[in-house]
Amino acid sequence: MRDTILATAALLGLAACVPETGAEPAPGTIPASLQGQWGLTALDCEGGAAAKGLMTVGATTVSFYESRATLGEVQERDSSRIRATFSFSGEGQTWTSDMILDGQDGGETLIRRTYGNTDLPGPLKYTRCG
């Protein structure tokens, strides 16, 4: 009986280490469902010089054609959305902006909204690459 209890406890401990689908992301990271490569157009996902709309989302960074953003203070986060302050750098400049990355359509679409220090016309809609 004691061996069964110990084995069950060990399995429960291991199960706690395995992330569930839709689980809360680790503090200080971008949700895993948003990580990967995203394109504004199909050409962006093909790479090369034409990939000016490619966005690569990592655990703590977002990379664009000519700039990179590093995750700062998080205001909101769940398994498919984050709103946070990001420190940007690119083309010899640095700036800070709030950005929302919002996964939609079962993880196939990402809407990006950037506020402050931006010349973006409004929300940008990305499609997951390959």
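**Close-up views of a predicted model**

**View 1. The disulfide between Cys-45 and Cys-129 is left-handed, because the torsion about its S-S bond is about -75°.** The model shown here and in the other views is predicted. The two sulfur atoms of Cys-45 and Cys-129 lie 2.0 Å apart. A search of the whole structure finds 1 disulfide.

View 2. Cys-45 has a relative accessible area of 33% and is partly exposed. Cys-129 is buried, at 14%. The cut-off for buried is under 20%, so the value of 14% places Cys-129 in that class.

**View 3. Phe-64 stacks on Phe-88.** The ring centres of Phe-64 and Phe-88 are 6.3 Å apart. Their planes meet at 20°, so the pair counts as stacked. Phe-64 lies in the loop between strand S3 (61-63) and strand S4 (68-78). Phe-88 is in strand S5. These are distant parts of the chain, 24 residues apart. Both Phe-64 and Phe-88 are buried.

**View 4. Phe-88 also stacks on Trp-95.** Here the ring centres are 5.3 Å apart, and the planes are at 10°. Phe-88 is buried, with a relative accessible area of 5%. Trp-95 is partly exposed, with 25%. The whole structure holds 2 aromatic pairs. Ring pairs join Phe-64, Phe-88 and Trp-95 into a cluster.

**View 5. The largest pocket has a volume of about 440 Å³.** Its lining is made up of 22 residues. Closest to the pocket centre are Phe-64, Ser-67, Trp-95, Arg-112 and Leu-120.

**View 6. Strands S5, S6, S7 and S8 each give two or more residues to the lining of the largest pocket.** These strands span residues 81-90 (S5), 93-104 (S6), 109-115 (S7) and 124-128 (S8). S6 provides the largest share, 3 residues. By residue class, the lining divides into 9 nonpolar, 8 polar and 5 charged.

Methods. Residues are numbered from 1 along each chain as its sequence is written. This is a predicted model: local features need pLDDT of at least 70, side-chain atom pairs count only at pLDDT 80 or more; totals for chains, interfaces and linings use all residues. Side-chain values use heavy atoms; hydrogens and water are left out. On a 1 Å grid over the protein atoms alone, a cavity is a set of points where a 1.4 Å probe fits but cannot get out, and a pocket is an open set with protein on both sides within 12 Å along at least five of seven lines; lining residues have an atom within 4 Å of a point. Grid points are joined across faces, edges and corners, and a volume is the space filled by probe spheres set on the points. Helices (H or I, at least four residues) and strands (E, at least two) are DSSP runs, numbered from the N terminus. Ala, Val, Leu, Ile, Met, Phe, Trp, Tyr, Cys and Pro count as nonpolar, Asp, Glu, Lys and Arg as charged, and the others, Gly among them, as polar. A disulfide is a pair of cysteine sulfur atoms within 2.5 Å. Buried means under 20% relative accessible area, exposed over 50%, partly exposed in between (1.4 Å probe, protein chains only). Rings of Phe, Tyr and Trp (its six-membered ring) pair if their centres lie within 6.5 Å; planes under 30 degrees apart count as stacked, over 60 as edge-to-face and the rest as tilted.
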